[in-house]
Amino acid sequence: MKHTISVLAEDHPGVLTRLAGLISRRGYNVDSLSVGRTEKEGISRFTLVVSGDEETVQQIEKQLEKLIEVIEVKDLSKGPFVERWMVLAKVKAPMEQRPLLLQTAEVFRSRVVDIGEDSIIFETTGDRGKVTAFLEAVKPFGLVEISSSGAVALERAGFANGHS
């Protein structure tokens, strides 16, 4: 089972290396790792997507909490959360196929971010399923290359958590 873990940590050089090293040394597989600054100066949020059973994920959480720079570790998968992935996909786009390719991309609300003689680069944002479905839909046109951000996630706010 996949788990999305949010880690708040002090924003110091080497924190990413220590966090990734801790996980890899213990043989855990990371499906996605994203990091960025938060609303608080000097604090970064790491979003990890890992595969494993409940016991494995608890062990990962305990190990992360031992890092001196870590402020908070939360398995977002235990409750409602919002998760988004972003992918840039360069797709072959000969003139005779462009209308169909653009129509396909429109279904996924993908944006054209660059266009050339033989290809188009699309930006697609959404949950993992949407991004994967977009890539599958454009694969027959010819995927030239892709770059993905991995997951970013936050615990849901307000009504979705049962608050009034």
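The model is predicted, so local features are reported only at pLDDT of at least 70 and side-chain atom pairs only at pLDDT 80 or more, whereas totals for chains, interfaces and linings use all residues. Residues are numbered from 1 along each chain as its sequence is written, and side-chain values use heavy atoms, with hydrogens and water left out. The protein chain holds four helices and eight strands, where helices (H or I, at least four residues) and strands (E, at least two) are DSSP runs numbered from the N terminus. Read along the sequence, these elements follow the pattern β-α-β-β-α-β-β-α-β-β-α-β.

**Overall dimensions and contacts**

- The C-alpha trace of the protein chain spans about 55 × 40 × 35 Å along its principal axes.
- Of the 164 residues, 37% count as buried, a class that means under 20% relative accessible area, with exposed over 50% and partly exposed in between (1.4 Å probe, protein chains only).
- Among contacts (heavy atoms within 4.5 Å) between residues at least 6 apart in sequence, 73% join residues at least 24 apart.

**The four-stranded sheet**

- Four strands form an open sheet in the order E2-E3-E1-E4, with antiparallel pairing; two strands pair if DSSP finds at least two bridges between them.
- Strand E2 (30-37) and strand E4 (70-75) stand at the edges with a single partner strand each, so one side of each is left without a neighbour in the sheet.
- From one strand to the next, the twist averages 15°, with axes taken as lines fitted to C-alpha atoms (for helices over the stretch in contact) and angles running from 0 to 180 degrees between N-to-C directions.
- Strand E2 and strand E3 (residues 43-51) run antiparallel and are joined by seven bridges, and Val 49 in E3 is the bridge partner of Ser 32.
- Helix H1 (residues 15-25) packs on this sheet, where it touches strand E1 (2-10), E2 and E3, and the direction of H1 makes about 20° with that of E3.

**Helices H1 and H2**

- In H1, the residues Val 15, Leu 19, Gly 21, Leu 22 and Ile 23 are buried, and what covers them includes E1, E2, E3 and helix H2 (54-65).
- After H1 comes Gly 27, whose phi is positive, near 80°.
- The twelve residues of H2 should span 16 Å at 1.5 Å a residue, and the end C-alpha atoms are 17 Å apart, which agrees; the expected span is 1.5 Å times one less than the number of residues.
- Val 57, Ile 60, Glu 61, Gln 63 and Leu 64 are the buried residues of H2.
- Seen down the axis of H2, these buried residues fall within an arc of 165°, so they line one face of the helix, the arc being that of the directions from the helix axis to the C-beta atoms.
- The buried residues of H2 pack against E1, H1, E3 and E4.

**Helix H3**

- The buried residues of H3 are Arg 98, Leu 101, Thr 104 and Ala 105, and they cover an arc of only 125° around the axis, which puts them on the same side of H3.
- Pro 99, Gln 103, Glu 106 and Val 107 are exposed on the other side of H3.
- The packing partners of the buried H3 residues are strand E5 (81-92), E6, E7 and H4.
- Arg 109, which follows H3, has a positive phi, near 55°.

**Aromatic pairs**

- The structure holds two aromatic pairs; rings of Phe, Tyr and Trp (its six-membered ring) pair if their centres lie within 6.5 Å, and planes under 30 degrees apart count as stacked, over 60 as edge-to-face and the rest as tilted.
- Phe 108 and Phe 134 form an edge-to-face pair, 5.7 Å centre to centre and with 70° between the planes.
- This pair links distant parts of the chain, 26 residues apart, with Phe 108 in the loop between helix H3 (98-107) and strand E6 (111-115) and Phe 134 in helix H4 (residues 128-138).
- Phe 122 and Phe 134 have ring centres 5.9 Å apart and planes at 70°, so this pair is edge-to-face.
- Phe 122 lies in strand E7 (residues 119-126) and Phe 134 in helix H4, so the pair ties together parts that are twelve residues apart in sequence.
- Phe 108 and Phe 134 are buried, Phe 122 is buried, and Phe 108, Phe 122 and Phe 134 form one aromatic cluster.

**Leu 143**

- Leu 143, in strand E8 (residues 143-155), counts as partly exposed at 30% relative accessibility.
- Not counting residues up to four places away in sequence, Leu 143 touches Ala 89, Lys 90, Val 91, Leu 135 and Val 138.
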